[in-house]
Amino acid sequence: MKKYELIAPCHFGLEAVLKREITDLGYDVIKVEDGRLTFFGDEEAVSRANVFLRSAERILIQVGAFHAETFEELFQGTLDLPWEEYIPKDGRFWVAKAASVKSRLFSPSDIQSIMKKAMVERLKKTYHTNWFEESGESFPLRVFLKNDEVTVGLDTTGESLHKRGYRKLTAKAPIAENLAAALIMLTPWRGDRILVDPFCGSGTIPIEAAMMAVNMAPGMNRNFTASSWQHVVEKRCWYDAVDEAAELIDMSADTDIQGYDIDDKMVMIARENAKLAGVEGKIHFQRRPLSQLSHPKKYGFIITNPPYGERLEEKTALPALYRELGERFAALDSWSMYLITAYENAQQDIGRKADKNRKIYNGMMKTRFYQYAGPKPPKRSRTGEGGAAGRTEKG
């Protein structure tokens with residue numbers, strides 16, 4: 001079976017989460033960079049990574065890497081790569097994205113154009129033609145330049161992995177599905193614990209939590225660009241990955257996952273999205289203002305993406321909103337709270353400094369993931385009796 005060097009981009013600040021996911025899938029991570037991990041895998045790894053990874057943005061096959069300080073070096077380096085191993089004569093190929101950091105070559109459009117020309121030159125010699133119809137399957141490329149080192153990856157995913165296929169309708173400022181999943185994985189929450197999102201919007205955080213609770217793979221109900229590249233990844237690898245994912249689902253799992261929003265329309269949208277995801281029976285959505293946030297049980301979790309105040313008219317309401325969030329959290333018995341926000345006075349208005357906070361880039365926006373750890377629930381004895389309360393939760 002073919003072996004590949006695979007690249008998995010992710011949100012800046014979430015590399016450790018993705019590394020744990022890749023390792024848990026059984027693959028060796030060989031390099032960790034800002035917003036990107038590299039690991040070894042075979043054809044099955046391509047399909048399994050696309051189907052199972054929750055926090056990755058896409059899976060790339062590394063075609064090659066080289067040093068380039070000039071456009072001539074970029075052209076020659078691209079020309080030397082074995083494109084014929086991946087792209088058939090009728091293949092449609094292009095550089096979908098070029099990113100450059102601390103490199104002499106920095107114009108994305110020029111990088112894309114020159115690399116395309118070099119690929120054409122290489123394939124002209126292989127296929128003995130001067131013209132490519134490009135009427136077949138798509139072979140998009142992504143290129144990273146850092147310190148004049150060029151890394152070229154063939155995109156096996158297509159639409160970003162955050163597009164699970166269930167979110168047909170969204171809120172004003174939705175959180176990406178892979179970011180929501182990664183934030184949940186940064187907490188000690190597990191599927192048998194209580195989770196409440198008081199700003200659920202279109203339901204992304206509760207839905208991702210419910211999918212984890214029933215062990216539903218995020219990519220099992222969508223398509224991938226490489227699923228038609230039978231010369232690169234055999235068709236059976238995709239079928240096997242989806243079959244594996246289907247066997248692991250446990251819809252009998254008991255859950256207490258709730259999502260609240262003050263907008264009836266958002267609650268309706270969240271319910272529809274949960275239905276499309278196949279977890280509607282595992283989440284309770286309702287219209288409820290923040291002032292009514294409460295729960296009779298102990299040791300629950302608030303995991304949420306509250307308003308940041310992106311619009312000028314919203315900024316004036318933020319201090320009161322975060323104060324109320326702090327008050328409602330304080331009134332809950334032995335709970336933990338985790339929230340992502342770009343609002344700089346979040347801790348001050350909540351009225352308590354977070355036990356930890358983590359810098360995470362949500363797209364180009366710098367945000368903080370504030371972590372307030374409550375006590376662990378008592379361990380159950382073999383007879384089912386509770387013991388003494390333990391240490392605080394570890395994020």
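Does Arg236 count as buried, partly exposed or exposed, and at what relative accessibility? Arg236 counts as partly exposed, at 34% relative accessibility. The scale behind those words: buried means under 20% relative accessible area, exposed means over 50%, and partly exposed is in between (1.4 Å probe, protein chains only).

Before we go on, a word about what you're looking at. This is a predicted model, where local features need pLDDT of at least 70, side-chain atom pairs count only at pLDDT 80 or more, and totals for chains, interfaces and linings use all residues. Residues are numbered from 1 along each chain as its sequence is written, and side-chain values use heavy atoms, with hydrogens and water left out.

Let's start with the sheets. Helices (H or I, at least four residues) and strands (E, at least two) are DSSP runs, numbered from the N terminus. Two strands pair if DSSP finds at least two bridges between them. Seven strands make an open sheet with mixed pairing, in the order 2-3-1-4-7-6-5. At the edges stand strand 2 (29–33) and strand 5 (92–101), each with a single partner strand, so one side of each has no neighbour in the sheet. From one strand to the next, the twist averages 30°. (Axes are lines fitted to C-alpha atoms, for helices over the stretch in contact, and angles run from 0 to 180 degrees between N-to-C directions.)

Now zoom in on one pairing in that sheet. Strand 1 (residues 3–9) and strand 3 (residues 36–42) run antiparallel and are joined by seven bridges. Look for Ile7, which stands opposite Thr38 in strand 3. Helix 2 (residues 43–52) packs on the sheet, where it touches strand 1, strand 3 and strand 4, and its direction makes about 130° with that of strand 3. Contact here means heavy atoms within 4.5 Å.

Helix 3 (residues 71–79) has buried residues too: Leu74, Gly77, Thr78 and Leu79. What covers them includes strand 4 (60–67), helix 4 (108–127) and strand 7 (149–155).

Strand 12 and strand 14 (residues 365–372) run antiparallel, with five bridges joining them. One place to look is Leu339, whose bridge partner in strand 14 is Tyr370.

Next, the aromatic rings. Rings of Phe, Tyr and Trp (its six-membered ring) pair if their centres lie within 6.5 Å; planes under 30 degrees apart count as stacked, over 60 as edge-to-face and the rest as tilted. By this rule there are nine aromatic pairs. Take Phe301 and Tyr338: their ring centres are 6.0 Å apart and their planes are at 20°, so the pair is stacked. Phe301 lies in strand 11 (residues 301–304) and Tyr338 in strand 12 (residues 336–341), so the pair ties together parts that are 37 residues apart in sequence.

The charged end of Lys116 sits over the ring of Phe93, 3.9 Å from its centre. Likewise, Arg288 lies over the face of Tyr260, at 4.4 Å from the ring centre.

That leaves the salt bridges. Side chains of opposite charge can pair when their charged atoms come close. The cut-off is a side-chain nitrogen of Lys or Arg within 4 Å of a carboxyl oxygen of Asp or Glu, and the count comes to 17 salt bridges. Here we meet Arg236 again, in a salt bridge with Glu44 (3.6 Å, N to O). Glu44 lies in helix 2 and Arg236 in helix 7 (residues 235–248), so the pair ties together parts that are 192 residues apart in sequence. Arg236 also has a salt bridge with Asp240 (3.4 Å, N to O); being four residues apart in helix 7, Arg236 and Asp240 are separated by about one helical turn. Glu44, Glu234, Arg236 and Asp240 are linked in a network of salt bridges.

Conventions:
A charge sits over a ring if NZ of Lys or CZ of Arg is within 6 Å of the ring centre and within 35 degrees of the ring normal.
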